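Work through the exercises below with the sequence and the 3D structure at hand. Each task is followed by a solution in steps.

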Amino acid sequence: MLFNSLHFLIFFPIVTLLYYLLEHKYRWILLFVASTYFYSAFYLPYIFILYFIIIIDYVCGILIENSKNKAKLFWLLLSIISNIGLLAYFKYYNFFVDVFVAYLPNIKHLDILLPIGLSFHTFQSLSYTIEVYKGNQKAEKHIGYFANYVLFFPQMVAGPIERYDSLGKELRSNHVFKFENISNGLKLILYGLFVKMCIADNLAPLVNEFYSNPTQFYSSSAWLALVAFSIQIYADFYGYSTIAIGAARLLGINLMDNFKQPYFATSFYQFWQRWHISLTTWFRNYVFFPMGGSYVNDFRWVINVLLVFSLSGFWHGANYTFILWGFLHGLFYLIEKVFSKFIPISIGKNKIFLAIGIFSTFILVTFIWVFFRAENLDKAILVLKQCFTYSSNATKELIFSYQTIVMLVVLIFIEVLIYKSRFDTFLQNQKISVRWAIYILLAFCLLLFSGIQSYQFIYFQF
Amino acid sequence: MKKLFYKLCVTLVIGPMCIYVSNIIYTKYFYKKDLELFDAKMLLQLDSLQYNSDVLYFAESSNGTAANSDTCLLSISQMMDTLSPLKINAIEHGAVHAKTFLHLIQNIKSDAKVKTIIVTLNSRSFGAPWINSKLETNISQANVLYENKWPIYKRIKLILNAYDNQSVQLRDLKLEKNWSNDFLNVSKEFPYKTVRQWDNAMANGTYLLPNGDWDLPKITLACHYIKTYAFSIDTLNNPRIKDFDEIVTVAKQKNLKLIFHLLAENVQYADSLVGKELHHIMQENKQLLMDRYSRKGAIVVNSFDLVNGKDFIDQDWTTEHYNQNGRWLLAKNVLKQIK
């Protein structure tokens, strides 16, 4: 079920109403049924994959807690292999067939649908068994609460990737009806819908048009398309996360923030502290630290950084383009680390220097997004060439409608306003007239200027 | 609670006001652009034609597609218009189906001049390939714009994905499921009970062409005929049945004379390429549609077997595109029912 659908508009108020009408001890049943229904709306049979993950990790969690040494490790490995095995089968099988086709000519591609959000719920569930193994988390004995941790519908298909110590606690708490939760939740949903529908969905057709045949476009348009995709992917994912956080908030449940104005980052290091925060911390805690983190020699550290970034790229999609996207982020992160040693701290705080940092980070990130968006490496190189060379075939300009430009101005305006807070907390401190002016502005934007063609949330495919 | 109630009251006043104002702005400045974007221009055609036509012919590409060799390029409706004293106009668009026609008919005003409507009844549109077609999402989007509702209401429906918005992969999956699981209405002796079994047998040479040939291009075409026409209409669940049933109801409510034109299919080629079993299935479907809609009070013009195989424009595919001979035949056949 999509957040920006009539289906959700009917489903969610009913769930919220029942949630507050029910006694706390029965709410897990409601959330379980609602989450199952929410996911089944995409494709019913795949709910059983999630049930499989739940059962495996629930059982492994208990067995890990009750075992020692090798047995403990065995149950952890079983959980890891089961989760990664599912990912490997559904998401990476065809990629590996392509890679090894020369050695295994008789193996054929699988013609199956990729379960929506599989990478998200496997990672979320895995973090639980790893934490139980490390002794930081007690195993959950109530399968209902554990199931809701994996299934919780606002964030199950595209995050934020929560940890059991926070979401588990939230799910167990008795949330009483509070006006503040309803109000803040609705504000976040409204803003999330605006960002997704008025920004991402208006930029999508422009970006798609360009990427379908980049050589048709002048180099100035190629630059514009690259910037448009940078904003589109941000708006798409940030919009989704904001709606997810808002929807959970309506139920009294707090989810972690997944974005903190990443395009205002002055460096790659900062960018990754502000972009898809839940995934960054996942890779940091469960891949980078176990590899030794920063407590290794320089050579190992460089390899570790590149490996973790490349893996995070591969997490996004089974394609060389995603691996290269991650690798390039790692590379620039390392280059930046080396150069930063030579820059005095006083210069680093200079406003002009910060502005240059924001600009250069944005431009580099924008170029690297090409590998994320292009279907293959050839297309990515073609797109980059188009930015720098004169093409005699070019006949087209990428034209932004005035509605899209107005929407972008509104987005930038609001993002600057909420730079140091979040949309809901920012509005809380405003006068009633300002608040309502913003609500009405966003409502008009949604009604009149939202993209009318449907584009699924980009991160659903991961 | 009190605060929430107060806010709810304010929202209930401001919300509808926003929608009302948005409707005015949207209708004036953006609506036509969206109709063009979704290729839903038949609505604009209908706005003018319903006031200067006696008969409206609702059709897909079967009406106007002409062969390169045709000397007469008139569409079926134009041919009918030349032969009839009545003013006959067409509301047409390629690759649409009954749901679109239903919405358009709902848009006919009570003061319109038009008193008779002819709707093409395309038997192929009842089959799984059309129902699960990749085009269905676009058709469904356009259908929202064809609804007889406030423009802003239609826009809200579109932005909230309140239409058949399934992915292409899901549609393909459903199609394959239909082909593999739906049993065909064939004799007990016939070894292939589903489209998939029949198609595989044909493709692998287990089931040869009726003349015993192993002609690859012909086999490809024969497979296509099987996949297109080998289906039995489930009157309880087929969405097209529901659409045509509703057309009958709406026509009655609007006091319009309703004629269904059962389009010609290339029965000759189906027979010679695949054999009597497919011919039998096609005839069963034809009979079902004729009986059902005659019983419901519509006039059904039967053109199903009227056109010779060679008079179909597409000789290597299944379409309802006819050359001028075919179109004249159909025009004259329909005209018999218009008095």
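**Exercise 1.** Which side chains meet in a salt bridge at 2.8 Å, N to O, and which parts does the pair tie together?

Solution. Step 1: a salt bridge is a side-chain nitrogen of Lys or Arg within 4 Å of a carboxyl oxygen of Asp or Glu. Step 2: Glu65(A) and Lys141(A) form such a pair at 2.8 Å, N to O. Step 3: Glu65(A) lies in helix α3 (residues 47–66) of chain A and Lys141(A) in the loop between α5 (118–134) and α6 (143–151) of chain A, so the pair ties together parts that are 76 residues apart in sequence. Helices here are DSSP runs (H or I, at least four residues), numbered from the N terminus. Step 4: over all chains, the structure holds 28 salt bridges.

The model is predicted: local features need pLDDT of at least 70, side-chain atom pairs count only at pLDDT 80 or more, and totals for chains, interfaces and linings use all residues. Residues are numbered from 1 along each chain as its sequence is written, chains are lettered from A in the order in which they are written, and side-chain values use heavy atoms, with hydrogens and water left out.

**Exercise 2.** Describe the contact between chain B and chain A.

Solution. Step 1: with contact meaning heavy atoms within 4.5 Å, 32 residues of chain B touch 27 residues of chain A. Step 2: the count of salt bridges between chain B and chain A is zero. Step 3: α1 (2–29), α2 (31–37), α8 (151–159) and α9 (168–181) of chain B each supply at least two residues of the side that touches chain A. Step 4: the largest share of that side, twelve residues, comes from α1(B).
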